[in-house]
Amino acid sequence: MPLTLLALWQIACTSGFFPPQVLVPPSGVLSELLALGRSGELQRHVGESLGRLGVGFVIGALVGLAVGAALALSRWTEAALSPLFLGLWQVPVIAFVPMLVMFLGIEERFKITVVAVAAFFPVALATFDAVRGVPRAWLEVSKVYRLTLPQLIRRILIPATIPAILTGLRVAITRAWLVLVAVELLAADSGIGQMMEMGRQLFRIDTVLAGVVVSGLIGFALDAGARAIERRATRWKSA
Amino acid sequence: MSAASSPKSVRIAVGLLAPVLLLAWWQLQATAGDARSLAFAPLGSVGAAFVEQVESGALVFDAVATLSRSLFGLIIGGGIGIALGVATGLSRPLDRLLGPLLHGVRQVPLMGWLPLLGLWIGAGEGSQLVIVCLSAFFPAMLNTHAGVANVETRLLEVGRIYGFTPLQRFRRILLPAAMPMILTGLTQALAFTWIAAIGTEILLGTGGGLGVTLQNAQMQQRMDLILVTILVTAVIGFAVNQLFLALRHHLLRWQPKSL
Amino acid sequence: MSVHVRPTAAPQNIAQPGRGALTISGMRKSYAINGEQRLVLDGIDLAVRPGEFVSIVGASGCGKSTLLRLIVGLEDDYAGEIRLDGERVVTTSLDRGIVFQDHRLFPWMTLEENIELALLNTNVPKTRRAQIVAEHIALVNLTGFEKAYPHQLSGGMAQRAAIARALVTEPKLLLLDEPLGALDALTRVHVQAELQRIWMAQRSTMIMVTHDVEEALYLGDRVIVMAPNPGRIRRIVDVDLPHPRDRASPLLHRLKDEILAELTAAPSEANLVRFPVRES
């Protein structure tokens with residue numbers, strides 16, 4: 001079916017049914033992609049976007065892991081921090097953007113921070129659930145066999161919590177990608193989002209469509225890759 | 001003394017500690033008098049901004065604007081999503097036909113459609129509403145599909161025993177059995193439309209709404225207004241979500257308590 | 001389905017002839033599993049009289065449930081004949097009701113809504129339905145729970161509700177597939193007595209599959225003992241005792257020992273000898 005749609009699309013455009021301002025044929029999108037690739041522009045945009053995503057995600061995920069684990073392990077920490085945490089969680093990440101622009105401007109620092117914030121919440125929540133969710137029964141078994149703390153962490157806590165944490169990481173990275181593209185649309189001088197916005201301002205549908213395709217492919221790759229890692233790491237778990 | 005065994009008042013006091021400290025730190029920064037404090041608005045001015053928004057009616061206006069976009073998206077996008085979810089859940093051929101296409105569209109970051117929509121129908125209300133509808137569409141469709149496709153055969157057999165027509169089977173077994181998943185999809189869709197409405201308001205900056213006010217406030221360097229609007233956004237978002245959960249609880253009152 | 005005059009509380013004689021007579025002759029059923037044809041039921045011959053209560057016992061895998069599903073019409077594609085009052089069974093019908101091991105009440109409906117749903121495709125006038133539903137709720141001793149949701153009912157109560165739902169259409173034939181299997185031992189004894197009382201009041205033809213031999217003998221006029229691989233009738237035991245039955249009856253216990261010994265022994269040839277035994 002997708003192939004038939006592509007074919008219809010191609011025919012509709014080349015036959016003049018859709019004027020080039022409205023829609024450009026797949027061949028046009030493809031040639032634009034190739035042109036961007038040849039000039040190195042595509043690589044630059046993709047590289048910048050993925051770079052911001054990578055750095056921001058790692059920061060946000062690490063902080064999220066730490067905070068989530070702390071909240072789960074210490075009831076006092078939970079009592080102290082969870083009202084603030086839950087309150088902030090009610091705000092869509094994108095609503096923080098104007099505030100962050102005022103603090104950080106629109107340079108790289110700002111974009112990476114937004115990505116980190118977007119990644120933080122899903123990871124923190126998943127870590128909290130994962131650590132809290134370790135069955136008491138397993139902890140009691142470890143007591144019976146008198147495991148030391150490092151052994152407990154390595155052999156029980158980490159395998160027990162990895163599945164849920166990986167799911168949280170997957171949600172975080174897909175959400176972070178979404179937020180990054182949005183932010184690049186708003187204020188950036190490079191990146192896939194900016195490429196699309198520029199294309200829009202120059203009335204270049206082929207550029208915009210090329211950006212749509214690339215951002216979709218990256219989103220798909222991130223999600224599929226994360227799912228594959230999840231599956232491999234949870235092979236011991238029954239469905 | 002462990003946290004679990006302390007009296008509730010102590011726990012509440014501890015919970016307030018972090019926000020209070022944060023506010024105190026904030027106020028300190030705002031009154032520090034150096035270049036950085038420009039970004040920090042004194043707490044007093046935040047309060048004043050709140051009063052100003054309420055009195056000028058801007059608060060209500062913004063809230064209504066964003067909420068109505070969100071609800072529009074939920075009803076239209078969610079409605080179409082449920083319809084398609086039912087159709088693909090019931091008809092395997094249809095699912096194979098439409099599935100890959102819809103999943104492909106879903107991979108594109110939602111806001112990434114804005115430039116394209118901007119070229120097609122202009123960067124205004126229309127594009128905004130399309131994005132908000134789209135944000136509701138996918139969770140509604142995916143969850144409805146799962147709910148309908150996974151209705152237990154043993155319940156459908158009861159329908160066969162009592163000679164149910166296809167319409168009866170749909171109305172009296174499939175739909176109620178799938179309702180928990182459908183409502184889960186709508187709960188997600190509600191959250192997504194809220195985010196999409198605010199996000200498109202920030203990105204497009206026109207037409208009123210909480211996001212527009214945020215964007216304008218940023219351009220005017222008014223942190224006090226930003227904070228007020230963020231607070232209002234959080235409160236309204238929370239309240240609407242709670243209302244929806246109450247509705248869901250009522251509709252699913254037949255479920256055992258553990259669910 | 002026409003509106004029937006409700007039977008009175010006093011037990012009637014065996015119901016009118018031609019109402020609920022089931023005949024199975026030479027029935028065979030195979031399933032295709034992994035490309036192979038596997039024979040699940042072979043050479044089933046059975047005649048059930050109207051108003052009779054027949055129990056079926058047998059080890060796992062002897063096809064008891066498949067037999068019921070074929071009779072009720074949830075499965076089709078069989079060789080041989082299954083006829084109810086002369087008509088061939090092809091698909092489901094309101095003439096044949098069934099109670100499963102899991103009550104299968106719709107969780108989103110109250111008790112009375114669940115029972116009334118069975119009347120949806122009958123031509124019982126809407127005005128009469130509430131009353132018929134109330135009568136059947138009273139029949140299974142669940143008055144007062146009309147507005148309860150299934151999750152609020154205990155296992156035994158939910159099964160009684162399922163029985164009420166199956167009876168409300170006044171089927172000629174009621175099938176019960178291990179109806180008490182999911183209940184604890186004490187509840188089971190209680191619901192067995194209820195089932196006997198209901199059957200005595202209604203005198204519908206009933207066929208019940210169970211793995212509990214004592215239950216089969218307590219309730220049944222005849223007990224059909226099945227053997228597995230492939231499923232076939234090993235022998236049919238007449239239980240010539242009046243209803244209501246006495247659990248302590250020596251005859252019941254003797255028959256139970258005999259049947260159990262046979263079921264737990266090495267498999268033997270199919271054996272259709274009937275043993276009419278009279279209480280001395």
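## Chain B: fold and extent

In chain B, 71% of the contacts with a separation of 6 or more are between residues 24 or more positions apart. The model described here is predicted. Chain B contains 10 helices and 0 strands, and its pattern along the sequence is accordingly written α-α-α-α-α-α-α-α-α-α. The radius of gyration of chain B is 24 Å, well over the 18 Å that the globule rule gives for 259 residues, and chain B is therefore more spread out than a compact globule.

Along the principal axes, the C-alpha trace of chain B spans about 80 × 60 × 30 Å. Of the 259 residues in chain B, 39% are buried. The mean pLDDT of chain B is 89, and 96% of the residues score at least 70.

## Chain A: fold and extent

Chain A also has a secondary structure of 10 helices and 0 strands. From the N terminus on, the elements of chain A are arranged as α-α-α-α-α-α-α-α-α-α.

The C-alpha atoms of chain A fill a box of roughly 75 × 45 × 30 Å along the principal axes. Buried residues account for 43% of the 239 residues in chain A. Among contacts in chain A between residues at least 6 apart in sequence, those joining residues at least 24 apart make up 73%.

## Where chains A and B meet

Two pairs of chains are in contact, and of these 2 pairs, chains A and B share the most contacts. In this pair, 44 residues of chain B are in contact with 44 residues of chain A. On the side of chain B that touches chain A, the elements that give two or more residues are helix 1 (8-30), helix 4 (92-107), helix 5 (113-121), helix 8, helix 9 (210-219) and helix 10 (223-251) of chain B. Helix 10 of chain B provides the largest share, 7 residues. By class, this side of chain B has 31 nonpolar, 12 polar and 1 charged residues.

## Where chains B and C meet

Chain B also touches chain C: 13 residues of chain B are in contact with 17 residues of chain C. Helix 7 (153-161) and helix 8 (166-204) of chain B each give two or more residues to this side of chain B. The largest share, 6 residues, comes from helix 7 of chain B. The residues on this side of chain B divide into 7 nonpolar, 2 polar and 4 charged.

Chain A and chain C, by contrast, do not touch, and their nearest C-alpha atoms are 23 Å apart.

## Helix 5 of chain C

Helix 5 of chain C (residues 185-202) has 18 residues, and the distance from its first C-alpha to its last is 26 Å, close to the 26 Å expected at 1.5 Å a residue. Its buried residues are C:Arg188, C:Val191, C:Gln192, C:Leu195, C:Ile198 and C:Trp199. These residues lie on the same side of helix 5 of chain C because they cover an arc of only 130° around the axis. An α-helix has 3.6 residues a turn, so residues three or four places apart point the same way.

The buried residues of helix 5 of chain C are covered by elements of chain C including strand 3 (53-58), helix 3 (126-139), helix 4 (155-167), strand 8 (205-209) and helix 6 (213-219). After helix 5 of chain C comes C:Arg203, which has a positive phi, near 50°.

Conventions: Residues are numbered from 1 along each chain as its sequence is written. Chains are lettered from A and ligands numbered from 1 in the order in which they are written. This is a predicted model: local features need pLDDT of at least 70, side-chain atom pairs count only at pLDDT 80 or more; totals for chains, interfaces and linings use all residues. Two residues are in contact if their C-beta atoms, placed from the backbone, lie within 7 Å. Helices (H or I, at least four residues) and strands (E, at least two) are DSSP runs, numbered from the N terminus. Ala, Val, Leu, Ile, Met, Phe, Trp, Tyr, Cys and Pro count as nonpolar, Asp, Glu, Lys and Arg as charged, and the others, Gly among them, as polar. The expected span of a helix is 1.5 Å times one less than its number of residues. A residue is buried if 20 or more other C-beta atoms lie within 10 Å of its own, exposed if 12 or fewer, and partly exposed in between; C-beta atoms are placed from the backbone. The arc is that of the directions from the helix axis to the C-beta atoms. pLDDT is the predictor's confidence in each residue, from 0 to 100. The radius of gyration is taken over C-alpha atoms; the globule rule is 2.2 Å times the number of residues to the power 0.38.
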